[in-house]
Amino acid sequence: FALLLWTSVAFAQGGTLSGKVTDSGGEAVPGANVVLAGEALPAGKTGTVTGSEGGFRLEGLPAGAYRLSVTHIGYRDLVRDGVGIVAGGELDLELALEAEIIFLDQNIVTASRRQEKILDAPASVSVIEAREIRDRPALSVAEHIRDLPAVDYSQTGLAQSNIVVRGFNNIFSGALLTLTDNRIARVPSLRVNVYNFIPVTNDDIERIEVVLGPGAALYGPNSSGGVMHIITHSPFTSLGTNVNFGLGERSVRKVGMRHAGLAGEKLGYKISGQYYTGTDWEYADPAEAAARAADPTIRARDFDLERKSAEVRLDYKATDNMTAVFAAGYNSADNIELTGLGAGLTQGWTSGYYQARLLWGDWFAQVFQNWSDAGDTFLLRSG
């Protein structure tokens, strides 16, 4: 009797934590793990599991501040610090979990030009998913793969870079075959990869697949140095509006926007764009100074960079297994670009593309045109 009396008194002095766990739509989440951790607890932590209605209750908690974590497969972990428990009081919480995609075995298309499991691909393939891309505020799409195995990344400016995955890096490299939604994305007139000319925004990238091996058997010449494939979201699976702003060192100012919607049940559309400015790293090239001394009409370096880009896409879903895609993009850039003949001052360089794709069952067809206009661009060592 004395033991029962002492236990009841102890519980009367302890606090209670109760609540309900739901998903983002307000539906109850049964079977979620609720763990409360704190120094005031004898074992350091205690916990329970939510019931069929998503409810939970922890009693006899010593007064103090705790760390509450709620986990469940298929949802992002929810963690709250500073959960206060008062002796003899009860704290009731409403907790909402956010759904999360689980990549058990990723599907890829770049290694064999057909959909397959990443473990079944006949090549070494690395994949960067949309969540990782959104978390990195990059000025160029190349920055997303810089830390992958076998990737040699060379940054040549604030937003300029070169990438190879087989062999040695080089200025103005075109060794890595770069695709965007199956379209060759290099500059057509120079056949080199200029990644800050690709008019794609972070919010619009679904994933980036990098094949670390030769791809000539599937993609023809100029693909022996590997393949990087940038795959963007379909408007049918990514509805909504995203707007982002960024500030950074070197006077970087960046704004981006993406909107996707539906016009009926069969037609989806999306538009995206971005704009940024900044100040590149200063460098005085003696060869450029000598050239200007010989010819005063040659302009000096301009370290202020600017970029504007936009894309529009329409998806028409005629049947469940037949979709037509129409897309167009535009990019304008002012920056310093390093070449094998010294630095070039990119002034009003515009580029873009038009693309039409048809997906019908296992059949795929496309037609595209890439165009480029160098504007007033010139080499700083020769004019």
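Q: Over how many bridges do β22 and strand β24 pair, and in which sense?
A: In this predicted model, strand β24 covers residues 378–379. The sense of the pairing between β22 and β24 is antiparallel, and the number of bridges is two.

Q: Which residue in β23 does Ala356 stand opposite?
A: Let's follow β22 to another of its partners, strand β23 (residues 363–373). The two strands run antiparallel and are joined by 11 bridges. Within this pair, the residue in β23 that faces Ala356 is Val367.

Q: Which residue takes a positive phi in the hairpin of β22 and β23?
A: This hairpin has two residues between the strands. A phi near 60 degrees is found there, and the residue that takes it is Gly361.

Q: How many bridges link strand β21 and strand β22?
A: Strand β21 takes in residues 322–339, while strand β22 takes in residues 342–360. A hairpin of two residues joins β21 to β22, and Asn331 stands opposite Ser351 in β22. The pairing is antiparallel, and its bridges number 17.

Q: What is the volume of the largest cavity?
A: The structure holds four cavities of 30 Å³ or more. Ser351, the β22 residue opposite Asn331, turns up again here: with Arg183, Ala185, Arg186 and Phe197, Ser351 is among the residues nearest the centre of the largest cavity. β22 and β23 each supply at least two residues of its lining. The volume of the largest cavity is about 140 Å³.

Q: How many charged residues are in the lining of the second largest cavity?
A: This cavity holds about 110 Å³ of space, and of the 15 residues that line it, Asp181, Thr232, Glu311, Arg313 and Tyr353 are the closest to its centre. β19 (267–279), β20 (304–319) and β22 each supply at least two lining residues. By class, the lining has four nonpolar and four polar residues, and its charged residues number seven.

Q: Which element gives the most to the lining of the second largest pocket?
A: The second largest pocket has a volume of about 430 Å³ and a lining of 23 residues, with Pro137, Ala138, Leu139, Val252 and Lys254 nearest its centre. The elements that give two or more residues to this lining are β17 (240–248) and β18 (252–262). With seven residues, the element that gives the most is β17.

Q: Is Thr16 buried or exposed?
A: Thr16 is found in strand β1 (residues 15–23). Leaving out residues up to four places away in sequence, Thr16 touches Arg57, Leu58, Glu59, Ile85, Gly89, Glu90 and Leu91. Its relative accessible area is 11%, and the cut-off for burial is under 20%, so Thr16 counts as buried.

Q: What is the radius of gyration of the protein chain?
A: The chain has four helices and 24 strands. For 383 residues the globule rule gives 21 Å, and the chain's value is well over that, so the chain is more spread out than a compact globule. Along its principal axes, the C-alpha trace spans about 105 × 55 × 40 Å. The radius of gyration is 28 Å.

Q: What percentage of contacts between residues at least 6 apart in sequence join residues at least 24 apart?
A: For context, 44% of the 383 residues of the protein chain count as buried. Among contacts between residues at least 6 apart in sequence, the share that joins residues at least 24 apart is 58%.

Definitions and conventions:
Residues numbered from 1 in each chain as written. Predicted model: local features only at pLDDT ≥ 70, side-chain atom pairs only at ≥ 80, totals over all residues. Heavy atoms only, no water. Buried < 20%, exposed > 50% of the residue type's maximum accessible area, 1.4 Å probe, protein only. Contact = heavy atoms within 4.5 Å. 1 Å grid on protein atoms, 1.4 Å probe; cavity = no way out; pocket = protein on both sides within 12 Å on 5 of 7 lines; lining within 4 Å. Points joined across faces, edges and corners; volume = space filled by probe spheres on them. Pairing = 2+ DSSP bridges. Rg over C-alpha atoms; globule rule 2.2 N^0.38 Å. Nonpolar A, V, L, I, M, F, W, Y, C, P; charged D, E, K, R; others polar.
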